[in-house]
Amino acid sequence: MEIRNVKGTYDLYGNDANQYSYVESLMVAIATIFAFNEIRLPVIEHSELFVRSVGDGSDVVRKEMYTFLDKGNRSITLRPEFTAGIIRSFVQNKLYANADYPVKYFYCGPVFRYDRPQLGRYRQFNQFGVESLCSTSISADVEVITLAYTILSSLGLDGVKIKINSIGDEETRENYKKALKEYFSKYIDNMCEDCKCRYEINPLRILDCKVPEDQEIVKGAPKISSYYSSASKERLEKVLFELDSLEIPYEIDDSLVRGLDYYSEVVFEFHYVSKSGKDYGALGGGGHYDKLIAELGGPSLPGVGFSFGIERVVSVLKDDGLFGEEEMGTYCYVMPMGESVHEYALNVTQTLRLGGLRTEMCYEQAKFSTMFKRALRKNAKYAVIIGEEEMKNNTVQIKDLSTQNQECVKVDEIIKYFDEHAPREYKEEE
Ligand code: AMP
């Protein structure tokens, strides 16, 4: 029986792979401009890390983690998100010592969640995100939101919606949870099984329920804004003031709570519905956290971060036709005319490649017309034709496939020839 890919995963190749790389590299480039540095972490962590940070009341920990016992009987989990691992590493490696705050990281890579596969939802997907650690300034929150917005705008997405809310400090949340419990106590018996569990562990999570009947009930729930402590209220106002001054558009969504337990104060999500009307869900989201670094053994200082789902970003860009012609055709196609010139052609190919030219060679013995058609199919700009005569004279024939002009060029001068003749856009790519 044919072996197929695991449900909820996908293969990426051809132009799709190029588009993915383009999005990833633009994200990295902009995070670098915002002075974030890369951090790379293991895909596997001790399961306890996620239970303690993401929280045992979250859907991610309750239902979605890929957890297994390794051969040493340790409970190991494939990371379902990055933040916990970053803080684990930050604390373990004492990256906070002698550092100027905030310490700023960006990351990119696969995460794993046993989610129900559907539009915009996979079991292995990729996140790009940042964490800004240990600054007590609200400008750190604003910087992270601004960075995410700049990335989406630079990709060409016009009209991204930033939904923002504050889930307040601990005092706010404790008072609010009491109010929610009181409100939902009238309805909980008729709500979904998940909500019953959320009611016990963390009633804030009920606001995130996607069951339509439950959403109707959620609409009537008390709003967190009535429970803000004065510090939380002031913090949110300051963040909004700075976003206004940077002309970053946002809308307040007082039902936004985010699915992970470590957040406090300001939380946000980035939404975009493609022109065709397809809604893949939030492109990304994040927020501020107060206790996570201390809970994992580091200094008692806050952090803030966001993450994008790269697949969703790629999907909306694709739907809206925002990718240019990405496919990078073969630049030179080397065509040896007969077996006797094969080694000579291999050397010419290597010379071209060392000169930085994207080059392919026809390894099979083939007729000129077959090789020529292949060069065209591969989108080559030049055919490099090699026969006995060329080998004898240490030359090649270079045929420009758009103009059909052909010139005999000495191998020693081949790179110089391309430097002088290469179309401008190619040189810019270099
Ligand atoms: P979260 O940490 O759950 O807020 O996820 C951050 C971002 O990752 C979301 O806004 C999505 O863009 C993306 N994401 C989350 N779950 C999935 C999934 N199952 N498949 C694809 N992307 C996802």
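Predicted model: local features only at pLDDT ≥ 70, side-chain atom pairs only at ≥ 80, totals over all residues.
Helix α11 is largely enclosed by the rest of the structure, because 8 of its 10 residues are buried. The second largest pocket holds about 510 Å³ of space.

- Strands β5 (residues 103-112) and β6 (residues 124-133) run antiparallel and are joined by 10 bridges. Within this pairing, Val-111 has Phe-125 of β6 as its bridge partner.

**Strand β7 and its partners**

- Strand β7 (residues 161-166) is mostly covered, with 5 of its 6 residues buried.
- With strand β9 (residues 266-271), β7 forms 6 bridges in the antiparallel sense. Here Asn-165 stands opposite Val-267 of β9.
- With β8, β7 runs parallel, and 2 bridges join the two strands. Lys-163 has Glu-251 of β8 as its bridge partner.

**Helix α11**

- α11 spans residues 310-319.
- Its buried residues are Ile-310, Glu-311, Arg-312, Val-313, Val-314, Ser-315, Val-316 and Leu-317. Charged side chains are among them: Glu-311 and Arg-312 are buried, and Glu and Arg count as charged.
- The cover over these buried residues includes the helices α1 (14-33) and α5 (138-154). It also includes the strands β5, β6 and β11 (303-309).
- Just after α11, Gly-321 takes a positive phi of about 65 degrees.

**The second largest pocket**

- The lining has 25 residues. Glu-170, Arg-173, Asp-261, Tyr-262 and Tyr-263 lie nearest the pocket centre.
- Elements giving two or more residues to this lining are α2 (47-53), α6 (170-184) and α10 (292-295).
- α6 gives the most, with 4 residues.
- By type, the lining residues divide into 12 charged, 9 nonpolar and 4 polar.

Key. Residues numbered from 1 in each chain as written. Heavy atoms only, no water. 1 Å grid on protein atoms, 1.4 Å probe; cavity = no way out; pocket = protein on both sides within 12 Å on 5 of 7 lines; lining within 4 Å. Points joined across faces, edges and corners; volume = space filled by probe spheres on them. Pairing = 2+ DSSP bridges. Buried < 20%, exposed > 50% of the residue type's maximum accessible area, 1.4 Å probe, protein only. Contact = heavy atoms within 4.5 Å.
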